[in-house]
Amino acid sequence: MAIMCCVQVQPNQEMTVEEFKAWIYGFDNDHNGQISREELKEALRSLRVWFGWWRARQAIKSSDFNGSGQIDNPKEFEKLVNYAQQRLGMKIHENNDW
């Protein structure tokens, strides 16, 4: 796995899915390749999102298909991207061909 810790993100900045993935996995503190609610809360806190703890809980609730309490597979990550676009106003695109 590549080191992905130096991606700066602003909530209204446009980015690709890969850039979003690099940013979010920068908060994977235990390096297990899964994003927990606490790690997601820290990511949202870095954006100074209001009620980040609640939004992290809602994001996990809407994205976690298997009930593990973490984002741990590509389908769940895709749902997390959709949540970030719809509920957080983040502009995330499939590739650089905007």
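I count a salt bridge when a side-chain nitrogen of Lys or Arg comes within 4 Å of a carboxyl oxygen of Asp or Glu. By that rule I find 2 salt bridges in the structure.

Ground rules for these notes. The model is predicted, so local features need pLDDT of at least 70 and side-chain atom pairs pLDDT 80 or more, while totals for chains, interfaces and linings use all residues. Residues are numbered from 1 along each chain as its sequence is written, and side-chain values use heavy atoms, with hydrogens and water left out.

**Layout.** I went through the elements, which are DSSP runs numbered from the N terminus (helices H or I, at least four residues; strands E, at least two). The protein has 4 helices and 4 strands, in the order β-α-β-α-α-β-α-β from the N terminus.

For burial I use relative accessible area: buried is under 20%, exposed over 50%, partly exposed in between (1.4 Å probe, protein chains only). Lys 41 counts as buried at 19%, whereas Glu 38 is partly exposed at 44%.

Next I checked Glu 42 and Arg 45, whose closest N and O atoms are 2.9 Å apart. This pair is also 3 residues apart in α2, again about one helical turn. Glu 42 is partly exposed at 31%, and so is Arg 45 at 49%.

**Helix packing.** How do α1 and α4 pack? Helix α1 (residues 17-25) and helix α4 (residues 74-87) make an angle of about 100 degrees, with axes 11 Å apart. The axes are lines fitted to C-alpha atoms over the stretch in contact, and angles run from 0 to 180 degrees between N-to-C directions. I therefore note the two as roughly perpendicular (65 to 115 degrees; under 35 is roughly parallel, over 145 roughly antiparallel, the rest oblique). Taking contact as heavy atoms within 4.5 Å, I see Val 17, Phe 20, Lys 21, Ile 24 and Tyr 25 of α1 meeting Phe 77, Leu 80, Val 81 and Ala 84 of α4.

**Surface.** I noted a nonpolar patch of about 570 Å² made by Trp 50, Phe 51, Trp 53 and Trp 54. Patch members have over 30% relative accessible area and no salt bridge; like charges are joined within 9 Å, nonpolar side chains (Val, Leu, Ile, Met, Phe, Trp, Tyr) within 5 Å. Trp 54 lies in helix α3 (residues 52-63) and is partly exposed at 36%.

**Whole protein.** Buried residues make up 37% of the 98.

Conventions: Accessible areas come from the Shrake-Rupley method with a 1.4 Å probe; for residues, only the protein chains shown count as cover.
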